Amino acid sequence: VLFVVQDSDGDGVNDDEDNCSQAANANQRDSNGDGFGNVCDADLNNDGIVNQADAGLFRSAFGSTNADADFNGDGSVNQLDAVIFRARLGKAPG
């Protein structure tokens, strides 16, 4: 029997251990500890869906160093994070 290890996003972390298997995040950063990597977790209020409530929280965090809203992990909440937020809008984290 051949066992194939899969890494769908090519970040060096196998899917079965990856907290965000559809977006590369080799560091597996999960600042709020909810099991979803920041790069695929724009659900800032942790209600299971990225929606307008999260948009308000994101707007409030824009320009800050808020680790939860810093989706790409560059140290500040900026336009790059806004692009990630828009891509996640209407989706569940993960």
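How many disulfides does the structure hold? As you begin the tour, keep in mind that this is a predicted model, and that the structure holds one disulfide.

**First stop: the disulfide**

Select C20 and C40 and show their side chains; these residues form a disulfide, with their sulfur atoms 2.3 Å apart. The pair links distant parts of the chain, since C20 and C40 are 20 residues apart, and each of them belongs to the segment before α1, the helix that covers residues 52-61. Are these two cysteines buried or exposed? C20 has a relative accessible area of 2% and therefore counts as buried, because buried means under 20% relative accessible area. C40, with a relative accessible area of 3%, is buried as well.

**Second stop: the cavity**

Now select S31, N32, N38, D41, D43, L44 and D68, which together line the largest cavity. The count comes to one cavity of 30 Å³ or more, and the space inside the largest cavity is about 40 Å³. If you colour the lining by residue type, you will find that it divides into one nonpolar, three polar and three charged residues. Keep D68 selected when you move on, for this residue of the lining is also one end of the distance at the next stop.

Is G12 buried or exposed? With a relative accessibility of 67%, G12 counts as exposed, because the cut-off for exposed is over 50%. If you draw a line between the C-alpha atoms of G12 and D68, you will find them separated by 23 Å, while along the chain these two residues are 56 residues apart.

**Last stop: the whole chain**

Finally, clear the selection and switch to a cartoon view of the chain, in which there are two helices and zero strands. Taken along the principal axes, the box that the C-alpha atoms fill is roughly 50 × 25 × 20 Å. A compact globule of 94 residues would have a radius of gyration near 12 Å, and the chain has 14 Å, which agrees. If you colour by accessibility, you can look for the buried residues, which make up 34% of the 94 residues in the chain. Consider, too, the contacts between residues at least 6 apart in sequence, of which 32% join residues at least 24 apart.

How values were computed:
Residues numbered from 1 in each chain as written. Predicted model: local features only at pLDDT ≥ 70, side-chain atom pairs only at ≥ 80, totals over all residues. Heavy atoms only, no water. Disulfide = S-S within 2.5 Å. Helix = DSSP H or I, 4+ residues; strand = E, 2+ residues; numbered from the N terminus. Buried < 20%, exposed > 50% of the residue type's maximum accessible area, 1.4 Å probe, protein only. 1 Å grid on protein atoms, 1.4 Å probe; cavity = no way out; pocket = protein on both sides within 12 Å on 5 of 7 lines; lining within 4 Å. Points joined across faces, edges and corners; volume = space filled by probe spheres on them. Nonpolar A, V, L, I, M, F, W, Y, C, P; charged D, E, K, R; others polar. Rg over C-alpha atoms; globule rule 2.2 N^0.38 Å. Contact = heavy atoms within 4.5 Å.
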